Amino acid sequence: MEEVRVLICDPIHEDGVRKLREAGFTVDERPDITGEELLRVIGDYDAIVVRSRTKVRAEVLRAAKRLKVVARAGVGLDNIDVKEAEARGIRVVNSPGGPSIAVAELTLGLMLSLARSIPLADRTMKQGEWIKKRLRGRELRGKTLGIIGFGRIGYQVAKRARAFEMKILVYDVAIQRVMKYVKEVGGEAVTLKELLRRSDFVTLHVPLLPQTRHMISERELSMMKDGAYLINTSRGGVVDEEALKEALRSGKLAGAALDVYETEPPEDTSLTGMDKVVCTPHIGAQTEEAQRANAVIVAEKLIEILKEKRG
Ligand code: NAD
């Protein structure tokens, strides 16, 4: 039987790698592979596995003579040229659902961090300061949470926010499809404008698409309540960082929490260095549970497709 070769470009959980080997495939792990190296070796592989670091652009796919599948261990497909892959008959699979709880829990953690200035309190304590008087926070109870994008993650955020007795507003382009879940969490479906106008906290859970790039920019930020908070654990490009900096500088927003950035890692600290910003280095899906789920889900999909193709 012909050898089936799989290239793992970004580190994935060992349970996924084991599954691929047990299926009889030759698996090469190159967790630090550069774009140029990938271009050189891609022609030797039947499948590649990536997370968000490796970019699978059209030129890579053009050089991929025997490639049948691109597997993304995770959700967002913005690092893969899906159109080019489809045009070449290459399947693209991912693991929706794998990281939902991890991202939702981080989102709640970031909200609490903003409301109570937990990172600043910790930082100053470590420097030997006691700034108790400066740290008068806000409670989440009774506040309005605006969720933009009510898919898997948005829904899990809403369920958890309910435990904090928050009021939930939802904006989603496919509102009919998700209305059942909006009702389940006692949420209210509104327009984007209304959500921005009424929310104390706004959290983003949309994919990065041409339509969502900079969907939160100067105009949208100006519509938000004075002293509101913005949380972005979706993708950096969804928020216009220059406009956000200005909204924080002017005092329009009380704070922002960010897990994702237009450039990762960010090129400068003009945004992340602000006291009003709580930031994490794209750790939304970085839990043991989410990483295992992502790796196992894509490994199973890959095995199914490659066995099908092998007949
Ligand atoms: P999902 O596909 O289940 O949900 C996305 C929702 O956004 C859908 O309901 C869709 O209708 C809605 N949407 C799409 N375009 C929209 C628009 N223009 N306006 C309003 N709503 C729109 O995806 P998910 O699993 O909930 O993940 C959401 C995003 O979170 C992913 O695409 C990914 O970019 C990001 N993510 C980040 C991390 C992280 O590490 N921080 C981890 C996983 C996912």
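In helix H12, the residues Ala-290, Gln-291, Asn-294, Ala-295, Val-296, Val-298, Ala-299, Leu-302, Ile-303, Ile-305 and Leu-306 are buried, where buried denotes under 20% relative accessible area, with a 1.4 Å probe and protein chains only. The model is a predicted one, in which local features need pLDDT of at least 70 and side-chain atom pairs count only at pLDDT 80 or more, while totals for chains, interfaces and linings use all residues. Residues are numbered from 1 along each chain as its sequence is written, and side-chain values use heavy atoms, with hydrogens and water left out.

Helices (H or I, at least four residues) and strands (E, at least two) are DSSP runs numbered from the N terminus.

Asn-94 lies in strand S5 and, because its relative accessibility is 15%, counts as buried. Its contacts, leaving aside neighbours within four places in sequence, are with Arg-72, Gly-74, Val-75, Leu-77, Ile-297, Val-298 and Lys-301. The side chain of Asn-94 also reaches the backbone oxygen of Val-75 at 2.9 Å.

The ligand is surrounded by 26 residues, of which the closest are Arg-152, Ile-153, Asp-172, Thr-233 and Asp-259, a residue being included if one of its heavy atoms lies within 4 Å. This shell divides into 13 nonpolar, eight polar and five charged residues. An oxygen atom of the ligand is 2.6 Å from an N or O atom in the side chain of Asp-172, an oxygen atom of the ligand is 3.2 Å from an N or O atom in the side chain of Arg-177, and a nitrogen atom of the ligand is 3.0 Å from a polar backbone atom of Thr-233. Taken alone, the ligand exposes 870 Å², of which the protein buries 90%, with areas computed by the Shrake-Rupley method with a 1.4 Å probe.

Thr-233 is also among the residues touched by Val-260, together with Asn-232, Ser-234, Arg-235, Gly-236 and His-282, when residues up to four places away in sequence are not counted. Val-260 is placed in the loop between strand S11 (253–258) and strand S12 (277–279), and it counts as buried because its relative accessibility is 2%. Although Val-260 and Asn-232 are 28 residues apart along the chain, their C-alpha atoms are separated by 6.8 Å.

How values were computed:
A polar contact is a pair of N or O atoms within 3.5 Å; within protein, one must be able to donate a hydrogen and the other to accept it, and residues adjacent in sequence count only if both atoms are side-chain atoms. Ala, Val, Leu, Ile, Met, Phe, Trp, Tyr, Cys and Pro count as nonpolar, Asp, Glu, Lys and Arg as charged, and the others, Gly among them, as polar. Buried means under 20% relative accessible area, exposed over 50%, partly exposed in between (1.4 Å probe, protein chains only). Contact means heavy atoms within 4.5 Å.
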